[in-house]
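Here are a few notes to read alongside the structure. Have a look at it first, then work through the points.

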Amino acid sequence: MLTIARSLSSSKNLKRPLFLSLSILAQSLTNLSSSSSSSSLSQALNPQPQSPIKTPPLNSFCYFSSIPSLSLTRDGNYDEATTHVVCAGCGVNMQGSDPKHPGFFLKPSDKSPSYHSRAHLVPVAHESEFPSSLKKGLLIDPETETETEMETEKPSSEKPVVCARCHSLRHYGKVKDPTVENLLPDFDFDHTIGRRLASTGGTRSVVLMVVDSADFDGSFPRKVAKLLSATIEENRKAWKEGKPANLPRMVLVVTKIDLLPSTVGPARLEHWVRRRAREGGAGKITSLHFVSAVRDWGLKNLVHDVVGLAGPRGCVWAVGAQNAGKSTLINAIGKCLGGRIAHLTEAPVPGTTLGIVRVEGVLPGQTKLFDTPGLLHPHQITTRLTMEEQRLVHIGKELKPRTYRIKAGHTIHIAGLMRLDIEESSVDSIYITVWASPYLPLHMGKTENAETMLEKHFGRQLQPPIGEKRVEEIGKWVRREFRVCGVSWDTSSVDIATSGLGWFAVGLKGEATLGVWTYEGVDVVLRDSLIPYRSNNFEDAGFTVSKIVSKADQASNKQRQDAKKKKQSNPKASVLAESPLLTVDADSNSC
């Protein structure tokens, strides 16, 4: 038998409780000790004279205005002596006094286990008439009703309270007010972590240098790599001389390998990564791991290696550029070990972690794991883009090649962010493969029309930048020259990579001079090809098929149709405007 239920609960009028702040309470207690009328003040604070003063419950909605203003810092809770509350998602100091400052939060109200139960629902037999809920088909099966109630009564796993920014990132994928983060100082790696690694005493230190496989050169922490290599060399000399020395272990973790095509072999990839890491300053790598936190690739080997290197009391630091995948990696490690799960905030937005977060209970023993804020790399083009533009540049799926077969005198655009000119070539044809986000539109045409593309299509068909004004805001459009050579048309020989965007893979059997255009200050490197394979199907000239190009075309066509309708609705005005003779005659008659 089926029964229908409706809610009989009355309207919930939430009343905000009136709480005394700690500052007012302290002042009152001070006056209480010094004043002779202590009994009247006690009665004013507490209507019942024999009962103690009740502090406000911590599980209710309230603004913690009594918490003193905290200093703006990114140190987080890496120090065990830290007394302030730190957000478990991003590591920022939490406060409840100013919504326009970092770390603002509201303590959620405590819900009873039967919050989602159906105790307030009654069978349809008790209804005097058929309600509207029955007409809508809101039926409840009595057989499954008890099972559902038992499931709702089961206590869910406790999740820590996070700041309003983390809540917005987790549930909506965006930050309400990005300008709040600008109040925080830049993360100083040398001051917070570097000095600990350089110390000769203390526990073992393991540094996980997290690098994005799809943006290796842009996300590689060169400064950290050089600092660690120099520290290891100095402490090793001291250890050989019999002096106390602590050698930090450098573990290079290449994340997001699920974004690379399956055709890339592990042996070739490892050789390529080690060579690029040495050129970036990491000459003392202890071990190298390729992982995918999304698909759980390589996590067990990484955890086994880290636990052995850190020991039972060591410290493990996850360091890397913004949006390299550090927080996602730590969360995946917690799930892999089956112990305490970290609740770090994950979002495809650069700079998700704002302060150092000490994650305890994930690694066995007393080993401590630290998540650090992303290192700011100004040479990455993503640092100049808005969040909407960053979503278009972000690579979230496996990379697919888009190959062109072009000659000298032709140009390829990657949105409005990068351009490649084939200026001179010793061969007739060159194969250019674009490795970038599939949401970025491409265009291939003659180099002589490149300036027209910049004036008419940047910010429209070629996005990002989104909008014509953003083209000037991002920076100055500058050119760089590269001379390349190759030995085969079937495979790519070299890459021309732009930090934070993607790269052009060049395949030719000869020599060529290439001109690369991007915004001033963005890092462009020439390297050996990461993915030597190209697509068997070639792209056509013109714009590639994408939603951005189609929307821009629809907008331009609509403007043309509106202008055409205006001319048709007022033909006399259009004739007078187009005929200068009639205009002269009209002026002469008026005189």
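**Cavities and a sheet**

1. Start with the second largest cavity, whose volume is about 70 Å³. A cavity here is a set of points on a 1 Å grid over the protein atoms alone where a 1.4 Å probe fits but cannot get out, with lining residues having an atom within 4 Å of a point. Volume is the space filled by probe spheres set on the points, which are joined across faces, edges and corners.

2. Lining this second largest cavity are 14 residues, and D215, A497, T498, G502 and R527 lie nearest its centre. Helix α7 gives the most, with 3 residues.

3. A word on the basis: this is a predicted model, where local features need pLDDT of at least 70, side-chain atom pairs count only at pLDDT 80 or more, and totals for chains, interfaces and linings use all residues. Residues are numbered from 1 along each chain as its sequence is written, and side-chain values use heavy atoms, leaving out hydrogens and water.

4. The largest cavity comes in at about 300 Å³. Its lining has 21 residues, with D212, N323, T382, H394 and G500 nearest the centre.

5. Now the open sheet: 6 strands, ordered β5-β4-β3-β6-β8-β7, with mixed pairing. Strands pair if DSSP finds at least two bridges between them; helices (H or I, at least four residues) and strands (E, at least two) are DSSP runs, numbered from the N terminus. β5 (287-290) and β7 (357-359) each have a single partner strand, so one side of each lacks a neighbour in the sheet.

6. Strands β3 and β6 run parallel, joined by 6 bridges; V206 has V316 as its bridge partner in β6.

Note on methods:
1 Å grid on protein atoms, 1.4 Å probe; cavity = no way out; pocket = protein on both sides within 12 Å on 5 of 7 lines; lining within 4 Å.
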